[in-house]
Amino acid sequence: MYFLRRYLIYIVVLAVLIVGIVATMRIYDNSVESETSSAGESVRLVQADTYNLAMYEPSTFNMITSMDEDVVYLNQIIYSFLFRLDDTLNIVPDLVDSYSTNSEDGTVSIKIRSDAVFSNGFNVTANDVEKTVTYIKEAGNDSPYYQYVSKIDNISIEGEREFTLKFSNPTSAALDNLVFPILCATTYKKGDQFAVGSGEYAYSTYEEGTGIKLIPNENYYGESSKLPIDIMFVKDKNSLPGMATMDAVTGFISKDQNADNIAEDKSLRCVSIVSSDLEYMGFNCKNSFLSNPNVRRAVSMAVDREKTIRDDYGSGAVISDSLYYPGFLGAEKDSGIKYDPKASTDLIGAAGYKDIDEDGVLEDEQGEDLILTLIVNSKNSNRTDAADSIAADLRSIGINVEVRALDDKEFDNALNTGNFDLYLLGLKIDKQFRLLNLYDEDNYGFYEGDRVVRLTKELEMAHTREQQSSIFRELKSELYDEMPYFGICYMNYYFVSSKTLETGDNPQFFNPYRSIGRWIWQKRVSTEQ
């Protein structure tokens with residue numbers, strides 16, 4: 001009996017040793033790096049077998065009608081688009097193999113790539129494009145893509161993969177209207193939550209109230225991951241930093257201007273993303289002082305934007321060299337308007353304004369003090385602080401500025417009646433960056449600039465990628481000369497993730513999961529020493 005017990009003990013010990021060796025081998029096989037040991041634990045980085053995301057549960061996943069921001073983000077990886085937008089927001093072909101444009105009659109002829117296949121094995125055809133356009137048009141303003149598709153008059157199908165789009169008006173035929181997702185029309189039934197797409201991923205399983213799983217699209221024509229995506233539904237996104245610390249969430253987009261501080265506190269990685277949220281200053285061009293473009297430029301040169309961003313926007317913003325998105329359409333970045341109080345004073349002096357009585361305030365040729373009113377909506381504390389900073393900058397060069405912080409109704413009334421000299425405003429711009437309403441008739445500042453309007457309209461016509469870049473370079477130069485507006489900054493969003501995640505291409509404000517198929521994520525695994 002003694003020998004039997006001892007024999008059994010030997011067997012148990014041997015089994016434990018074998019299991020331990022096998023487990024250790026598995027860890028070492030997948031391990032990339034060993035982190036610092038603490039409290040008797042060794043933390044190793046192991047290649048993840050899934051990506052973990054989180055979102056609010058939407059009312060519907062229907063890509064035609066869902067306005068939910070998280071669903072729009074997912075659409076970017078579930079579906080393919082005729083064209084996508086690159087880092088400069090210029091168009092690049094996605095489903096398109098080749099294309100030609102006719103800006104005079106507003107037509108675009110397209111051939112779909114031959115290797116474009118939906119996740120269910122059906123080829124992507126011209127009929128799928130036509131049906132998708134029809135479904136979005138029928139949804140009207142209930143679709144996030146209607147603003148693009150509504151400009152299309154008709155589609156002429158010329159073959160299984162070839163068709164010509166005709167826009168209702170040649171002046172609204174820009175190719176960046178063709179950035180809507182394409183669904184498989186063969187299997188789609190109106191109102192379906194989970195339409196079949198041809199993007200990197202496909203919908204797999206959905207559990208109401210819990211989450212949804214995505215699997216790689218094996219038919220995807222681009223470089224794709226073999227890892228599935230597990231998305232959990234959360235009630236409060238404020239919990240995401242803590243979840244990311246525990247590797248329960250791989251990464252998430254945050255609009256919190258304190259995101260970088262939160263990430264640092266949680267030992268997370270934080271990548272800033274320039275958003276489309278613009279803060280800018282407008283001028284009343286009917287004001288005798290501000291009607292001069294040289295004076296508008298001089299006023300802009302007196303504003304210390306770097307200080308304003310640091311003090312009033314918590315450093316959560318970037319300066320652009322024009323009113324448009326930084327590096328828009330690939331135009332070369334230049335200094336734009338530089339902070340230069342001396343040059344500002346010289347320009348204003350050349351326009352006839354000097355401090356004649358040496359009281360620190362500029363006077364016009366009749367000896368009248370130069371006093372301007374700057375209006376701002378009192379609801380936005382960052383913006384009201386920025387208005388005070390701008391006023392202080394202008395006072396330092398002799399322009400007496402009175403800041404009026406108004407409630408919603410008062411502010412709108414002042415804007416619409418022109419009861420201001422300067423105004424500070426925020427603008428959330430669609431990724432197309434259509435700014436014609438800032439220069440065309442009925443703009444708040446009564447600006448009139450025929451060449452600016454003409455070039456801005458040109459940007460909305462059917463031109464190639466290269467032609468768009470050329471037109472914008474002209475427009476950018478004209479805007480510098482005219483200075484109808486002064487861009488203060490573009491606000492940042494943030495992509496927060498585990499420090500062990502490599503994303504490759506940086507996320508975009510409208511596409512945070514860009515290139516998710518090439519993400520490399522190493523999860524932390526703890527083992528007792």
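1. Definition first: Ala, Val, Leu, Ile, Met, Phe, Trp, Tyr, Cys and Pro count here as nonpolar, Asp, Glu, Lys and Arg as charged, and the others, Gly among them, as polar. The model is predicted: local features need pLDDT of at least 70, side-chain atom pairs count only at pLDDT 80 or more, and totals for chains, interfaces and linings use all residues. Numbering runs from 1 along each chain as its sequence is written, and side-chain values use heavy atoms, without hydrogens or water.

2. Overall layout. Of the 529 residues, 51% are buried (under 20% relative accessible area; exposed is over 50%, partly exposed in between; 1.4 Å probe, protein chains only). Take contacts (heavy atoms within 4.5 Å) between residues at least 6 apart in sequence: 69% of them join residues at least 24 apart.

3. Cores. A nonpolar core is a set of buried Ala, Val, Leu, Ile, Met, Phe, Trp, Tyr and Cys residues joined through side-chain atoms within 4.5 Å. The largest has 106 residues, and L82, L178, F180 and Y439 touch the most other members. Helix 3 (residues 126-139) gives this core its largest share, 6 residues. Apart from it lies another core of 36 residues, with L370, I390, V401 and C489 among them. In soluble globular proteins, nonpolar side chains tend to be buried together.

4. Y439 and helix 13. Leaving aside residues up to four places away in sequence, Y439 touches L323, Y324, Y447, V452, V453, T456, L479, P484 and Y485. Helix 13 (residues 450-458) has V452, V453, L455 and T456 as its buried residues. Their cover includes helix 12 (436-439) and helix 14 (465-482).

5. Cavities. On a 1 Å grid over the protein atoms alone, a cavity is a set of points where a 1.4 Å probe fits but cannot get out; lining residues have an atom within 4 Å of a point. Points are joined across faces, edges and corners, and a volume is the space filled by probe spheres set on them. The count is 3 cavities of 30 Å³ or more.

6. Second largest cavity. About 50 Å³ of space lies here. L89, N90, I91, A174, L175, D176, L329, H463 and Q468 line it. The classes are 5 nonpolar, 3 polar and 1 charged.

7. Backbone checks. Most residues other than glycine have a negative phi. D247 has a positive phi of about 65°. D247 sits in the loop between helix 5 (240-245) and strand 15 (251-254), and is buried at 5% relative accessible area. S515 also has a positive phi, about 60°, and is not a glycine. S515 lies in the loop between strand 22 (501-502) and strand 23 (520-528). S515 is buried too, at 6%.

8. Cysteines. With a disulfide defined as a pair of cysteine sulfur atoms within 2.5 Å, the count is 0. For C270, the nearest cysteine sulfur belongs to C489, 17 Å away. C270 is partly exposed, with a relative accessible area of 28%, while C285 is buried, at 13%.

Methods
Helices (H or I, at least four residues) and strands (E, at least two) are DSSP runs, numbered from the N terminus. On a 1 Å grid over the protein atoms alone, a cavity is a set of points where a 1.4 Å probe fits but cannot get out, and a pocket is an open set with protein on both sides within 12 Å along at least five of seven lines; lining residues have an atom within 4 Å of a point.
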